[in-house]
Amino acid sequence: MSRDKRRTGQQQQTPTDTDILVEMDHGAMKKISSVFSTLQEKLHKTKRSSSDPGVYASPAAAPPAGRERSHMGQLFFEYLLVVSLRKKRNEEGYEPHITYQFPKREVMGRLQREEEEKCMKAAHLFCFPEGINWAPLTEYRSETFSFVLTEVDGSRRNGYCRRLLPDGRGARVPEAYCIISRVACFGLFSKIFDEVEKRRQISKAMIYPFMQSLREAPLPAPGNTVTISSFIPDAGTEIISLTRPVESWLEHVDFRSLFRCLNHEEVLMVFAAVVMERRIIFISEELSTLSQVLHAVTALLYPFVWQHTFISIVPTVLIDVCAAPTPYLLGVQKNMLDLLTDDSDLMIVDLSPGAETKFITRMGDEESLLPAKLKEELLSCLSARKHDASTEELNSLVSEAFLSIFIKTVGHFSHHVKKSGNTRLFHKKSFLKAVEHKSHLNFVKLFIQTQMFDLFIQEEETQPNPNAFFHRKVSEYNERKKKEKMKAGWVRGVVV
């Protein structure tokens, strides 16, 4: 496996969509470092010179001139869009277009407008990834899902989308609300969508003052709350409270969907494959299920971060990404399953309710990758979860359970990062010799070859205490072991 030594600089952020491999129209496999340029190639389907206005350069790492910031330094969101479907002229099918945007283009600076244009074109496809094949409906169950847009410089935005049937009579096509934000917090934006939807039912004009108030509000720190005042005709002024979860690395996650779709043993098999950085595709009819399950799976890796291609919802025009030979995590709608032509060295997980088999294909060794004793402990911990547990309770139990795998297998790494002059270096040989349980050794040898471990160590070598939470959990585990050892020694002494 080739090693990509790029610094992400975003250890605790949502994984990226970068390094997508797609089949271009001329037949050659071309590596693309931005999902924006990928979408442009697919949409235009022609070769273009660099002077073509459809080819966009990636933005600089610094924020574009003219971009607003709240007094706390970060905005809740950058754009709100309403994306609707309209019939194609002289062709069958529909195409997405923006019918509402906040903030308006005229209040943006030039660089911000250029950036916004690229972002809008990408958001179109992710709001309606199914493509052009739509028919008017009289009933449609609304759903909320998310996606990630990543630039070549590693900067990323989270897209939150709620699709529903607009008010009206007779058959009509769905529309989508889409919020683009640098904040990764699915639950928070689901609540914001509830407020947007409530105002949309009255008038589009009611959305503007609410979003303006939200844009001016300070983004609260994890665990804190911000209140926003918003006026609604016939209802008066409403006070809306928005709270971020205490653990920032879990605020984009809800494990309920994962455990609703897969049993404990199946989750462990998926986890083992993800830890080994394999090619994995999740299949579902529901976009919300795909986005929630994929984000939940990557959260199981904490404190490590998935470093390869990650697309929670693959648009039809990007289905060729599934042929990429490099590791990926992809969410594909079930009606596109027949378009997957290569299932070798691949895990395909069917998240559909009542699926005959959850694993359409897999490597076959997933049940033996994790150390047997740790698997038993993990299953025992997961079986203790309550079915009526709150999101926070479930997130805490599940994250602690999977974190223990890394604490017990590689938690001793810090003793083997030694200072040499002005640099710190990781000593792999002494680290492997110090693995406490020999039954863990095979797993550890495989895991330290992954890119996620590689970049984790690079951060430890180059940054001051980048993973403080993990270090604290390792210390707590070691303290418990010491006390248990002392207690066991005292009991033996009494018996003698």
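In the predicted model, 5 strands form an open sheet of mixed pairing, in the order 11-12-10-13-14. Strands (E, at least two residues) and helices (H or I, at least four residues) are DSSP runs numbered from the N terminus, and two strands are taken to pair if DSSP finds at least two bridges between them. Strand 11 (309-311) and strand 14 (359-361) stand at the edges with a single partner strand each, so one side of each is left without a neighbour in the sheet. From one strand to the next, the twist averages 25 degrees. Local features need pLDDT of at least 70 and side-chain atom pairs count only at pLDDT 80 or more, whereas totals for chains, interfaces and linings use all residues of this predicted model. Residues are numbered from 1 along each chain as its sequence is written, and side-chain values use heavy atoms, with hydrogens and water left out.

Strand 10 (residues 279-284) runs parallel to strand 13 (residues 347-350), to which 4 bridges join it. Strand 10 also runs parallel to strand 12, here through 6 bridges. Ile280 stands opposite Met347 in strand 13, and Phe282 stands opposite Val349 in that strand. In strand 12, Gly331 is the bridge partner of Phe282. Helix 7 (residues 287-299) lies across strand 10, strand 11 and strand 12 (328-333) and runs at about 165 degrees to strand 12.

The axes of helix 3 (residues 186-202) and helix 4 (residues 207-216) come within 9 Å and cross at roughly 155 degrees; axes are lines fitted to C-alpha atoms, for helices over the stretch in contact, and angles run from 0 to 180 degrees between N-to-C directions. The two helices, helix 3 and helix 4, are therefore roughly antiparallel (over 145 degrees; under 35 counts as roughly parallel, 65 to 115 as roughly perpendicular and the rest as oblique). Ile192, Glu195, Val196, Arg199 and Arg200 in helix 3 meet Ile207, Phe210, Met211 and Leu214 in helix 4, contact meaning heavy atoms within 4.5 Å. The charged end of Arg199 sits over the ring of Phe210, 4.6 Å from its centre; this requires NZ of Lys or CZ of Arg within 6 Å of the ring centre and within 35 degrees of the ring normal.

The structure holds 23 aromatic pairs, defined for rings of Phe, Tyr and Trp (its six-membered ring) with centres within 6.5 Å; planes under 30 degrees apart count as stacked, over 60 as edge-to-face and the rest as tilted. The rings of Phe77 and Phe102 have centres 6.0 Å apart and planes at 35 degrees, so the pair is tilted. Phe77 lies in the loop between helix 1 (35-44) and strand 3 (79-87) and Phe102 in strand 4 (residues 94-102), so the pair ties together parts that are 25 residues apart in sequence. Phe77 is buried at 1% relative accessibility, as is Phe102 at 2%. Phe304 and Phe456 form a tilted pair, 4.5 Å centre to centre with 50 degrees between the planes.

Terms used
Buried < 20%, exposed > 50% of the residue type's maximum accessible area, 1.4 Å probe, protein only.
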